[in-house]
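Please look over the predicted model shown here before reading the briefing below, which is arranged by topic.

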Amino acid sequence: MTYEVKSLNEECGIFGIWGHPQAAQVTYFGLHSLQHRGQEGAGILSNDHGKLKRHRDLGLVAEVFKNPADLDNLTGEAAIGHVRYATSGGASINNVQPFFFSFYDMQMGLAHNGNLTNAHSLRRELEKKGSIFASSSDTEILMHLIRHSEQENFLDKLKESLRRVQGGFAYLIMREDKLYAALDPNGFRPLSIGRMKNGAWVVSSETCAFEVVGAEWVRDLEPGEIVIIDDEGVTYDSYTTDTQLAICSMEYVYFARPDSVIHGVNVHAARKRMGRRLAQEFQHEADIVVGVPNSSLSAASGFSEESGLPNEMGLIKNQYIQRTFIQPTQELREQGVRMKLSAVSSIVKGKRVVMVDDSIVRGTTSRRIVQLLRDAGAAEVHVAIGSPELKYPCFYGIDIQNRRELISANHTVDEVCEIIGADSLTYLSLEGLIESVGIETDAPNGGLCVAYFDGQYPTPLYDYEERYLESLKEKTSFY
């Protein structure tokens, strides 16, 4: 069996606001800033004095709201929004968030970023109790847990439910009179709070959205924390004290926008430090540095400064091409790669090129880019990766859940180098990654989850344990 994996994909991004007369419009701009976190679907749910309304569909944010009336109808001073990449559940409109629930005694909107590791067990348990699910997404589980809770008030019901779900999650929950935000006990996914000049409170997966909507960062949510926002202001609470920071290291390597700040660390600055450290660990002669656009440009800049080699724009990305993974055949997908990326012959011809990239998943894309550089006349192509070898799957919200999809899980560095056709291959060390991010914390691994590199998961895998153990026995050739 073959697996077509183009790149890593973050599951989604969430944005919420309370106290703005054009809440849905602000949320629209916030979701635009988070579009890189999910391109398969988008939606906004507004709150107009206790009346919740929603619009959602498959596609990019601009496509979902191309009809101005769809946004204008979402009146009210509060809203939550979501951009989705399908990981848990398929690419169906039924799985596009925010979800909207209307009961005899309450209404509720729900948006989720992450992946629950005990979702299958909880779903079976809830269905046996009579729950009926309208989607295949694990997000819906939280609502059913809340409805089954016997606690007296909604906040206690929510806290009890959050203690039952396991894995990576950042939730936004809209009630008639309140907006709730909650983060898992390890803080796998980022979530921050900001405030606008008019006093409106905003919550976003990344701080880059604050810049767009004119909000100032206030603070990050802490692991195990609940934030309650209403007309009276903001209240901070927690649902568990059993916490330990382990934010996804791939946020810094690949997912987050370079202008975002996560746990006090600017993503661009972290990537630049990764590039500097990578240059220190690189042991080959070269003439120029070429970063693979766009997520590797910061690391390439750091590599160039540390090594003294000129940083050249040897690869150009067409920003307007559609995603290649939606093409129906391998031939069309390969053509799509050439449409998306091109090498500049006048820059690389006759040069020993250091090609800086953020990661290697399956190796397919790396092999094509190396060939692009060779076809453009590069004398040598040395591949330098700004992260360690990806050897283990992720179960907290990244769409890599099997070792068969990972070339480094099946081959040595030398073998991978041969497969992608490079003259050399250098990965950033795990120690180098942790030190380059540089979160101020006493948590293990510098407050990062690095399970993709060392196989040491910070939580039990629950429903995924058997799948993970089986994957350790399998080996797939990528030759």
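The notes that follow cover the sheet, a hairpin, the helices and one serine.

This is a predicted model, in which local features need pLDDT of at least 70 and side-chain atom pairs count only at pLDDT 80 or more, while totals for chains, interfaces and linings use all residues. Residues are numbered from 1 along each chain as its sequence is written, and side-chain values use heavy atoms, with hydrogens and water left out.

**The open sheet**

- Seven strands, in the order β3-β2-β4-β1-β10-β9-β11, form an open sheet with antiparallel pairing, where two strands pair if DSSP finds at least two bridges between them.
- At the edges lie β3 (51-58) and β11 (215-220), each of which pairs on one side only, and the twist from one strand to the next averages 15 degrees.
- Strands (E, at least two residues) and helices (H or I, at least four residues) are DSSP runs, numbered from the N terminus.
- Strand β2 (residues 41-48) pairs with β3 in the antiparallel sense over 8 bridges, and Asn47 stands opposite Leu52 in β3.

**The hairpin**

- Strands β12 (residues 225-230) and β13 (residues 233-238) run antiparallel and are joined by 6 bridges, forming a hairpin with 2 residues between them.

**Helix packing**

- Helix α1 (residues 23-33) lies across β1 (12-18), β2, β4 (78-84) and β9 (192-196), and runs at about 25 degrees to β4; axes are lines fitted to C-alpha atoms, for helices over the stretch in contact, and angles run from 0 to 180 degrees between N-to-C directions.
- Helix α4 (residues 119-128) packs against α5 at an angle of about 45 degrees, with their axes 10 Å apart.
- That angle makes α4 oblique to α5, since angles under 35 degrees count as roughly parallel, over 145 as roughly antiparallel, 65 to 115 as roughly perpendicular and the rest as oblique.
- Ala119, Leu122, Arg123 and Leu126 in α4 meet Ile141, His144, Leu145 and His148 in α5, contact meaning heavy atoms within 4.5 Å.

**Ser149**

- Ser149 is found in the loop between α5 (140-148) and α6 (154-164), and is buried with a relative accessible area of 6%, where buried means under 20%, exposed over 50% and partly exposed in between (1.4 Å probe, protein chains only).
- Leaving aside neighbours within four places in sequence, Ser149 is in contact with Lys157 and Glu160.
- The side chain of Ser149 makes a polar contact with the side chain of Glu160 (2.6 Å); a polar contact is a pair of N or O atoms within 3.5 Å, where within protein one must be able to donate a hydrogen and the other to accept it, and residues adjacent in sequence count only if both atoms are side-chain atoms.
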